[in-house]
Amino acid sequence: MKDLVRMRTSLKEEIERILNEQIKMEAHSSAIYLAMAAWCDRNGFDYSAGYFYKQSEEERKHMLKIFNYVSDMGGHAISPEITNVPQDFDGFRDIFELALQQEIAVTNSINRIVGTARQLNDFATDQFMQWFVNEQIEEEYVARRAVELFDVIGEEGVGRYMIDKAIPKISYDGGAEAE
Ligand SMILES: [Fe+2]
Ligand SMILES: [Fe+2]
C-alpha cells in the first residue's frame, strides 16, 4: 500500500521525512514562544508578551505552510507531537538570547533541507523552501536586534521598561537603507 501511494507522488521519502521534521520544529518554536509570552506576562513585560504571542502565531503559520505543501504533494503530513517545552526562563534577557538561538537553529535546518532537495534534484521543494530562506533573514534580524537592545539601552534604572516598549517596534526593512 505504501509503495502504491509512493507511486502517486514525486515527493521522495527522505524529503517527506525532513519536511515533517521541519513541521515539528516550527510547531516546537510556536510552543516555546507561547511559553515565553506567558513568562513575560507574569513578570510585567507586557509589550514583549504581545511580541511573543505574535511570534508564536507566525510559527504556527510556518508549520501549516509546510504541512499543506507535503499534503498537496501527495505526501503524508504528520501532525506533530510537541514535547520539551521550557516553561520557565532565567530572565528577561535570557529569553531573547534563547529566541535568537532558536531562529539560528531554524535557519540551519532550512538550509539543510534546501541542500538535500538540491542533491536529490527536487526542484519543487527547493523553490518552495526559498520563502523560508527569505523569512529567516527577517526572523534572525529581529531576534538579533532584540538582544542588541539590552546593550544599547542598558538594563539599569528604567532600562528594562524601555527595552520592553521598544521590542514590538523592531522592524526589518529588507535592506532598504542600501537603496
Ligand atoms: Fe518559523
Ligand atoms: Fe521564526
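Asp-151 is exposed, with a relative accessible area of 56%. In this report, buried means under 20% relative accessible area, exposed means over 50%, and partly exposed lies in between, for a 1.4 Å probe and protein chains only.

The model is predicted: local features need pLDDT of at least 70, side-chain atom pairs count only at pLDDT 80 or more, and totals for chains, interfaces and linings use all residues. Residues are numbered from 1 along each chain as its sequence is written, chains are lettered from A and ligands numbered from 1 in the order in which they are written, and side-chain values use heavy atoms, with hydrogens and water left out.

## The annotated domain

An unreviewed UniProt entry places the feature "domain: Ferritin-like diiron" at residues 9–154; such annotations may be inferred rather than shown by experiment. That span is 79% helix and 0% strand, and its end C-alpha atoms lie 54 Å apart. Helices (H or I, at least four residues) and strands (E, at least two) are DSSP runs, numbered from the N terminus.

## The iron ions

Glu-26 (OE), Glu-59 (OE) and His-62 (ND1) coordinate the iron ion (ligand 1) at 2.1 Å. Donors are N, O and S atoms within 2.8 Å of the metal (3.2 Å for Na, K and Ca), and sites may look incomplete because water is not among the atoms. Along the sequence, the spacing of the donor residues of ligand 1 is E-x32-E-x2-H. Glu-26 in helix 2 (residues 13–42) and Glu-59 in helix 3 (residues 46–72) are 33 residues apart, a pair that links distant parts of the chain.

Glu-59 bridges the two iron ions, ligand 2 and ligand 1, which lie 3.4 Å apart. Glu-59 in helix 3 and Glu-103 in helix 4 are 44 residues apart and again link distant parts of the chain.

Gln-102 lies in helix 4 (residues 92–119). Leaving aside residues up to four places away in sequence, Gln-102 touches Met-25, Ser-29, Ile-32 and Tyr-33, where contact means heavy atoms within 4.5 Å.

| Residue and state | Relative accessibility |
|---|---|
| Glu-26, buried | 0% |
| Glu-59, buried | 1% |
| Glu-103, buried | 2% |
| Gln-102, buried | 15% |

## Salt bridges

Side chains of opposite charge can pair when their charged atoms come close. A salt bridge is a side-chain nitrogen of Lys or Arg within 4 Å of a carboxyl oxygen of Asp or Glu. The whole structure holds 9 salt bridges.

In one of them, Arg-93 pairs with Asp-151, the closest N and O atoms being 3.1 Å apart. Arg-93 is in helix 4 and Asp-151 in helix 5 (residues 123–153), so the pair ties together parts that are 58 residues apart in sequence. Arg-93 is partly exposed at 23%.

Asp-88 and Arg-42 also form a salt bridge, with 3.9 Å between the closest N and O atoms. Because Asp-88 lies in the loop between helix 3 and helix 4 and Arg-42 in helix 2, this pair joins parts 46 residues apart in sequence. Asp-88 is exposed at 58%, and Arg-42 is exposed at 53%.

Arg-145 and Glu-148 meet at 2.9 Å, N to O. They are 3 residues apart in helix 5, so about one helical turn separates them. Glu-14, Arg-17 and Glu-21 are linked in a network of salt bridges.
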